[in-house]
Amino acid sequence: MIQVSHLSKSYGGRPAIRDLSFTVEDGQIYGLLGPNGAGKSTIMNILTGYLAPSAGEVKVAGYLLPEQAQLAKGCVGYLPEQPPLYPEMTVQEYLDFVAELKGVKKPQRREQVLRAARRTGLEQVLPRLIRSLSKGYRQRVGIAQALLGDPKLIILDEPTVGLDPAQVIEIRNLIRELGKAHTVILSSHILSEVQAVCSQVLILSKGRLVAVGAPEELGEKLNPGSRLRATVLGDGETVLAAVNAVPGICKVELEKEEQGEVTFTAESQDAVDRRGQVSRALSGAGCTVLALAAENKSLEEIFLALTEEAGDAPESQEHPKEEDDQ
Amino acid sequence: MNAIFKRELRSCFHGMIGYVLTAFMLVSTAIYFVALNLGYGLTDFGYYTLYRTIFMLLLYIPVLTMRSFAEERHSRTDQLLLTSPVPMWGIVLGKYFALCVIFAVPCVVDVAMILVLKVLGATAVSTAANFASLLCYYLMGCAAIAVGVFLSSLTENQIIAAISGVAALLLAYMMPSLRTMFTAGSAVALAVFTAIGAVLSVVAGLRSRSFTLGCLTFAGCCVALTALFLLQSSWLTEAFSAVLSALCLFTPFEDFVNSSFSIPTLVYYLTVAVLFLFFTAQGLEKRRWN
């Protein structure tokens, strides 16, 4: 759906994103993750044709971006950071306007608007002025707007910012729903959100792409070492000694020992699965294994490690500007 | 483009602004119409009403156009327009035509006034002249709207857009009298052209980030101007006055007021409109490239 190669963008000499390359496959939900000022909004603005890249090549739905922007824009629905609403219009008028703007033919317009309103739960507020809507409803109008014209690609910039927890869950469900029929890209600085919704994550820091992959994959990529956690019936000392003796295991930590049950975590330096070896070693030592599971690092850990790593790099001293400071 | 046109038109009459502006224009025309055309029985609508309300356009047009792009940018709705599959010229023209239609409302009432004069006994010739000057008046207003739209696209502050619009139109309005101050001789022309050359060189230098290029441009300008000044100084003064007269936006209208139909005047107004709409589209496009 999207091919980006060596993309850079600078605002008046200040680099916002530097030499990014990635591809986005059809029919998945992608999360753009990064701290404030990492260049998330800038990337989205470039993908939607609002800004032109300073260097590099961007292809959206097979169309080269600054050159064939009009064709590419027809395939994209975009919710910017601040929903682009006209407060003096009613929701119905606004959605009609956007549908016409996106070139939806008149006979289908009514039905499309209704469908978008139904999907985002706006049917009740269609005759109301946008000015009088709450923040959550405005956000939904913004999402409904992005759905019009049945775009192949939907780009949502921080779709859940400023919503209450119930609304956040609703919007997340909606995004999951959208992911079935469309390719969705959303940006966020909330990790749990990305973990909950996205099947692929792009982690950005200071304008650079520091990691790409499924949330689970990323753990392995960052730290090839694996960790396993086990609960064993037996004596703490013998258990630890037996596990320590397994080749490749470098660190064993006792978590708790109660009524003969020992829970510990063992880490190894490489990504080889050592559950079998550990289990055999424990049986050999006369212990019964109750539970044995490989553990992945949480996205939180990965994120912090990656963004800190990028921050330490000497060449990325300046802070790239976020889109809103322009 | 259609969607933008309709929305712009509707938004102007959603709030007060469209009604207030139309009322303002109607009242000022009606005062001259009643006092001069009806009061003294004068049939020349162009001179006694339209020509005298030009001054009102200096306020009307900037207030009409100040919102067009500045407001979109301020409320970030430009992101919707610029990411929609509408070409840039569609966005600019959609907005421009909507503003032209709003300006047409008082002009339609002017048509009624001309018809009243006809009913009261104006000759067919003077009625035709009245209609011709109304046509020119409308095109003049449309050209001024293009200038206002351009200024509005430069800023996200409506007030600044309005004030710079008033300033630009006022400058154009006073240009005929300002021009007489500069006819002194080719020395003034040389000074002004040198200043323009200096500004161009600074811009060229900044754009290309090359000090040498800026200096070379300025040196080139200076050499060319000095050569012209020494060899053909009349060209300089002529070119200078031609530039100044092109800036007198409201003067060509006088041709029509004098009951003559002047194609160059109409072409001039259409050119001004096209030129400034082109600038608007280019300016918006450029912002995308930062």
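Author: Here are a few of those labels, each set against its definition. This is a predicted model, where local features need pLDDT of at least 70, side-chain atom pairs count only at pLDDT 80 or more, and totals for chains, interfaces and linings use all residues. Residues are numbered from 1 along each chain as its sequence is written, and chains are lettered from A and ligands numbered from 1 in the order in which they are written.

Reader: What makes α5(B) and α8(B) roughly parallel?

Author: Helix α5 (residues 67–74) and helix α8 (residues 124–154) of chain B pack at about 20°, with their axes 6 Å apart. Angles under 35 degrees count as roughly parallel, over 145 as roughly antiparallel, 65 to 115 as roughly perpendicular and the rest as oblique, so α5(B) is roughly parallel to α8(B). The axes are lines fitted to C-alpha atoms, for helices over the stretch in contact, and angles run from 0 to 180 degrees between N-to-C directions.

Reader: Which residues make the contact of those two helices?

Author: B:Ser68, B:Phe69 and B:Ala70 come from α5(B), and B:Val149, B:Ser152 and B:Ser153 from α8(B). "In contact" means that the C-beta atoms, placed from the backbone, lie within 7 Å. They divide into three nonpolar, three polar and no charged. Here Ala, Val, Leu, Ile, Met, Phe, Trp, Tyr, Cys and Pro count as nonpolar, Asp, Glu, Lys and Arg as charged, and the others, Gly among them, as polar.

Reader: Over in chain A, why do β6 and β10 stand at the edges?

Author: The open sheet has six strands in the order β6-β7-β8-β3-β9-β10, with mixed pairing. β6 (76–79) and β10 (208–213) each have a single partner strand, so one side of each is left without a neighbour in the sheet. Strands here are DSSP runs (E, at least two residues), and helices are runs of H or I, at least four residues, numbered from the N terminus.

Reader: How do you know that β3 and β9 of chain A pair?

Author: Two strands pair if DSSP finds at least two bridges between them. β3 (residues 29–33) and β9 (residues 200–205) of chain A have four, in the parallel sense.
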